[in-house]
Amino acid sequence: MDHYGCKVCECTSNKEQTSCILVMVVGTIIHMATLCVCGEREREGGGGVNYRKMANLFLKQAKQYSVARPGYPQQLFDFIASKTPTHDVVWDVGTGSGQAAISLANIYKSVIGTDTSSKQLEFAPKLPNVRYECTSPNLSISELEEKIGTESSVDLVTVAQALHWLDHDTFYNQVKWILKKPSGIIAAWCYTIPKTDDEFNHVFHKFYSESKPYWDSLRGLVDDKYTSIKFPFDPVDGCDHTGPFEFQTEKLMNLGEFCAYIRSWSAYQTAKDQGVELLNDGVIEEFTKAWKEDGNGQKSVTYPVYLRIGKVGKYLNN
Ligand SMILES: C[S@@+](CC[C@H](N)C(=O)[O-])C[C@H]1O[C@@H](n2cnc3c(N)ncnc32)[C@H](O)[C@@H]1O
């Protein structure tokens, strides 16, 4: 049967589907939010930010996301792994379709990738040492214990291109609770806009600035290269600050794939929901004129990656 979906959390858990069946049977028109049993209600975190709404920004473009988004360079993982004394367990938060989990699985014995979107997880690679879990946006400690692990049991928490969507105070308390003390590490990174050659960069920068009204204000933390994001951890051994440390990732793309990358943006989806097609005919024409392929129908697209890394150390609730 069709799943009606909760208007609040779009939860697709079996429990909720039971509620949907119930709705059909009794034939009562009740607002779905009153029935949802996934345990999550629309809630506001500090600063009036609605973290459920943030989490829902990636529901509709999961397939585009899995094919069009870049993975991350080996140097990034080597650097992070060199800072954890043991390589047992990683919790990859906001794992999406496993862009970081797939590489972490080569280094750590066990990876738990969590995401609020079961749609995103559907497209994540299935690997023997990776377990995916769909979670609520703000996990309680008991949910954390049930889905990820016990207190002080995790070597590394990673957050790839997702820290800006999280409620930092709640999340950092979870991180503090679950990381091994004092050596547990948190590594969070983002990538900013892609770079190609000067001609295409120029056209793309104009397009990106025109897309600004459709980005959530939290995207500003990415534009800022995570320099201003709250990150209350101690520098890891061998470093005197917590970053950002710069890396670079590269993806070969044809223009169609590049457009799929744009369609995977939360801003693209937000614009579409408001009846605006960001990739309109005029934009596609400008892109086509400026897109000079490097060979084999593809172009090298690079994304600067900015890493914040720290250890739980003596982190107290500050
Ligand atoms: C930009 S994507 C990043 C995906 C992947 N880690 C990557 O590197 O491409 C952000 C992901 O965070 C998830 N997300 C948003 N809010 C979340 C939250 N509060 N808890 C867990 N995941 C969340 C979204 O569903 C989405 O899959």
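Me: Leaving aside neighbours within four places in sequence, what is Ala 162 in contact with?
Reply: Ala 162 is in contact with Val 93 and Gly 94. Two residues count as in contact if their C-beta atoms, placed from the backbone, lie within 7 Å. This is a predicted model, so local features need pLDDT of at least 70, side-chain atom pairs count only at pLDDT 80 or more, and totals for chains, interfaces and linings use all residues. Residues are numbered from 1 along each chain as its sequence is written.

Me: OK. Is Ala 162 buried or exposed?
Reply: Buried, because 22 other C-beta atoms lie within 10 Å of Ala 162. The cut-offs are 20 or more other C-beta atoms within 10 Å for buried, 12 or fewer for exposed, and partly exposed in between, with C-beta atoms placed from the backbone.

Me: And where in the fold is the place of Ala 162?
Reply: Ala 162 sits in the loop between E4 and H8. Helices (H or I, at least four residues) and strands (E, at least two) are DSSP runs, numbered from the N terminus. Strand E4 covers 156–160, and helix H8 covers 168–178.

Me: How far apart are Ala 162 and Val 222?
Reply: In space they are 9.6 Å apart, C-alpha to C-alpha, and in sequence 60 residues apart.

Me: What about Gln 161, what is its phi?
Reply: Phi of Gln 161 is near 55°, a positive value in a residue other than glycine. Gln 161 is also in the loop between E4 and H8, and it is buried, with 20 other C-beta atoms within 10 Å.

Me: Which loop is Tyr 226 found in?
Reply: Tyr 226 is in the loop between H10 and E6. Its phi is positive too, near 60°, and Tyr 226 is not a glycine. Tyr 226 counts as buried because it has 22 C-beta neighbours inside 10 Å.

Me: Switching to prolines. What kind of peptide bond runs from Lys 181 to Pro 182?
Reply: That bond is cis, with omega near 0°. Pro 182 lies in the loop between helix H8 and E5.

Me: And what kind of bond joins Gly 243 and Pro 244?
Reply: A cis peptide bond again, with omega about 10°. Pro 244 is in the loop between helix H10 (220–223) and strand E6 (245–253).

Me: Let's zoom out. How many helices and strands are in the protein chain?
Reply: The chain has 13 helices and seven strands. Of its 318 residues, 37% are buried. Among contacts between residues at least 6 apart in sequence, 73% join residues at least 24 apart.

Me: Which residues touch the most other members of the largest nonpolar core?
Reply: Val 154, Val 157 and Ala 187 do, in a core of 51 residues. Strand E5 (residues 185–191) gives the largest share of this core, seven residues. A nonpolar core here is a set of buried Ala, Val, Leu, Ile, Met, Phe, Trp, Tyr and Cys residues joined through C-beta atoms within 7 Å.

Me: What does Ala 187 touch?
Reply: Not counting residues up to four places away in sequence, Ala 187 touches Ile 80, Leu 156, Thr 158, Leu 307 and Ile 309. Another core of 11 residues lies apart from the largest one, and its members include Ala 68, Ala 260, Tyr 268 and Val 301.

Me: Now H12. Which residues are buried there?
Reply: In helix H12 (residues 266–273), Ser 266, Tyr 268 and Gln 269 are buried. They are on the same side of H12, because they cover an arc of only 160° around the axis. The arc is that of the directions from the helix axis to the C-beta atoms.

Me: What do the buried residues of H12 pack against?
Reply: They pack against H11. Cys 259 lies in that helix, residues 255–263, and Cys 259 is partly exposed, with 19 other C-beta atoms within 10 Å.

Me: Last one: at what angle do H9 and H13 pack?
Reply: About 160°, with the axes of H9 (residues 198–211) and H13 (residues 281–290) 9 Å apart. That makes H9 roughly antiparallel to H13, a label for angles over 145 degrees, whereas under 35 is roughly parallel, 65 to 115 roughly perpendicular and the rest oblique. Axes are lines fitted to C-alpha atoms, for helices over the stretch in contact, and angles run from 0 to 180 degrees between N-to-C directions.
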